[in-house]
Amino acid sequence: MSELFRIISGALRLDTVKVRNYASFLADKLEADGDAPTAGRLRQLLAETDRQLRPTDMNTTQALPVDGESRFALIENVNVRDLKEEPLVVSRDQQDVIDEFISVAKCHGQFEAHGVSTSATLLLYGPPGCGKSRLARHIARELGLPLYLARLDGLISSFLGSTSKNIRMIFDFAARTPCALLLDEFDALAKLRDDKQELGELKRVVNSFLQNLDTIGSQSVVIAATNHHLLLDAAVWRRFSYTLELKYPAPEQRQILWKQFLGNITWRVKDIAVLVDLSEGFSGAEIHDVCLRLRRQSIVHGTTPTIKDAFFGLRRIVSGEKDRKRFLATLNAEDGPEVVRKLKRRNPKLYSHSELGALLGTSKATAYRWQVKAGVKNG
């Protein structure tokens, strides 16, 4: 098993930090595989030899890298072990990429034994709120690795002069400590090197990142996330063994999300179908926020929220939206006849008079009168 080779490698190099980290990681894996006695003996051995293994200036726990000037931590630990989240809602093609990446990361020891090089690096890109951070947490849990988050936007803006040094410390940490390293706001680091508006230091930072990424090894996985993938250097794309675009959820995914996030709130199938249609262009995070407000409302008032409440929640999100790319942003809810006209033309079967009445908080008869007023024929 690959951990044994790394423990021996660390011992031969007198790298006591590496020995302790991989021995502890091996104990966790043994326990997870059902060999609790061996895991216990290994942990006891580490505890008994603590003073011999640990240099006087080192802690038993690997210290997080910090910026040399401010002493702020460059990364933070994200607790994924005790975090309970709903299952991921992705397409079949996306799930295939995720499954393959996890399988390759799990088998890095076998690849090394056969002399096959492997790189567990994944670049996630897409609009905000579409699950990039959540997917990183899922991958870390599946691999049984701790997740460390590096917010690169703050690192770049605050410590530009020492950024290359900080990057090297982050990757040195990941090389010594089996982990999933999430590089958030990745575009802040990996901008186009031929951008004439950027400083020369930032171009050197990109080169430093590429060099460090190439030498991190296979004991840790690196996941980068960005909302602005068009800003990335072409060389950066080539360094990632896997890339995955997380788009706004498709109708079938939105249907799952609404049912999942509504929890104990139960509505008619047709109500859910209306919400799926109206939330076109919304992220999973935005749908979650609407459902969370509805569930809070249910608890505070002791009543079951209505589809009108959900409609209002969705409208709040698009209020003031200038580009008006989402259909819902084009609806002026104060103009009943106009709303009925647009919805009827969008899908006459889905938006029946009774459904329109429930959505707009009025009667079926009023919805019909608005339709007549708007000059929309039945059908």
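Modeller: Let's start with a term: a disulfide is a pair of cysteine sulfur atoms within 2.5 Å. This is a predicted model, in which local features need pLDDT of at least 70 and side-chain atom pairs count only at pLDDT 80 or more, while totals for chains, interfaces and linings use all residues. Residues are numbered from 1 along each chain as its sequence is written, and side-chain values use heavy atoms, leaving out hydrogens and water.

Colleague: How many disulfides does the structure hold?

Modeller: Such a bond is covalent and joins the sulfur atoms of two cysteines. Cys179 has a relative accessibility of 0%, and Cys291 is also listed at 0%. The number of disulfides in the structure is zero.

Colleague: Is Arg326 buried or exposed?

Modeller: Arg326 sits in the loop between helix H15 (307-318) and helix H16 (336-346); helices (H or I, at least four residues) and strands (E, at least two) are DSSP runs, numbered from the N terminus. Beyond its neighbours within four places in sequence, Arg326 has contacts (heavy atoms within 4.5 Å) that include Glu280, Phe282 and Glu321. Buried means under 20% relative accessible area, exposed over 50%, and partly exposed in between, with a 1.4 Å probe and protein chains only. Arg326 has 13%, so the word for it is buried.

Colleague: How far apart are the end C-alpha atoms of helix H5?

Modeller: The expected span of a helix is 1.5 Å times one less than its number of residues. Helix H5 (residues 92-106) has 15 residues, so it should span 21 Å. The model agrees, with its end C-alpha atoms apart by 21 Å.

Colleague: Which strands are the edge strands of the sheet?

Modeller: Strands pair if DSSP finds at least two bridges between them. Six strands form an open, mixed sheet in the order S1-S3-S4-S5-S2-S6. Pairing on one side only marks the edge strands, S1 (76-78) and S6 (242-245).

Colleague: What angle does helix H9 make with S4?

Modeller: Axes are lines fitted to C-alpha atoms, for helices over the stretch in contact, and angles run from 0 to 180 degrees between N-to-C directions. Helix H9 (residues 163-176) packs on the sheet, touching S3, S4 and S5. Its angle with S4 is about 155°.
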